[in-house]
Structures are given as structure tokens and as C-alpha cells.
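Have a look at the structure first, then read on.

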Amino acid sequence: MFEHQKEQMEKLMKENEDFLRIYNRHQELDKRVTAAEVGTAPMEDLALNQLKKEKLWAKDQLARILEADGA
């Protein structure tokens, strides 16, 4: 995620508490979604879809912060 903006992300993780919190939440959700999809932590489709929506929301928030910081 955002590999081409690694330096900017590292800077924001040090300077912006909201960015760090949202980034950590996205990472946590990514692990849970992956575990559900590969079957190591099965869950109902509705719950999985909700996690995916929350993960996408977090990614969108990160993108907005990155864009605002780069502007």
C-alpha cells in the first residue's frame, strides 16, 4: 500500500498521530481479512464484508492525509 510514498508515510507516522492510528488499524484489518480469506480465521461473509469496508475506509483516509500533506 502506497509503496511509492514510503518516505512521506514514515514522516507522517512520526508526526501525525491520526495517520499512525489509522495506519495501524488498516494493518490490523488487513491481517484479519487475509486470515479469513485463507481460512485460518474463518468468519461469516457479512462480517468479512464489513471488515473489508472498514479497511477500505482506512485506506481512503490515509490517501487523503497523504494528499493533503503533499499539497
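Predicted model: local features only at pLDDT ≥ 70, side-chain atom pairs only at ≥ 80, totals over all residues.

Residues are numbered from 1 along each chain as its sequence is written, and side-chain values use heavy atoms, with hydrogens and water left out.

Q: At roughly what angle do the axes of helix 1 and helix 2 cross?
A: Helices are DSSP runs (H or I, at least four residues), numbered from the N terminus. Axes are lines fitted to C-alpha atoms over the stretch in contact, with angles from 0 to 180 degrees between N-to-C directions. The axes of residues 6-15 and 17-38 come within 6 Å, and they cross at roughly 110°.

Q: Which residues of helix 2 make the contact with helix 1?
A: Contact means heavy atoms within 4.5 Å. Helix 1 brings M9, L12, M13 and E15, and its partners on helix 2 are E17, F19, L20 and Y23.

Q: Which residues of helix 1 are buried?
A: Buried means under 20% relative accessible area and exposed over 50% (1.4 Å probe, protein chains only). The face turned away from the buried side carries the exposed K6, E7 and K14. The buried residues are Q8, M9 and L12.

Q: Which helices do the buried residues of helix 1 pack against?
A: Helix 1 and helix 3 pack at about 100°, with axes 11 Å apart. The buried residues of helix 1 pack against helix 2 and helix 3 (45-70).

Definitions and conventions:
Helix = DSSP H or I, 4+ residues; strand = E, 2+ residues; numbered from the N terminus.
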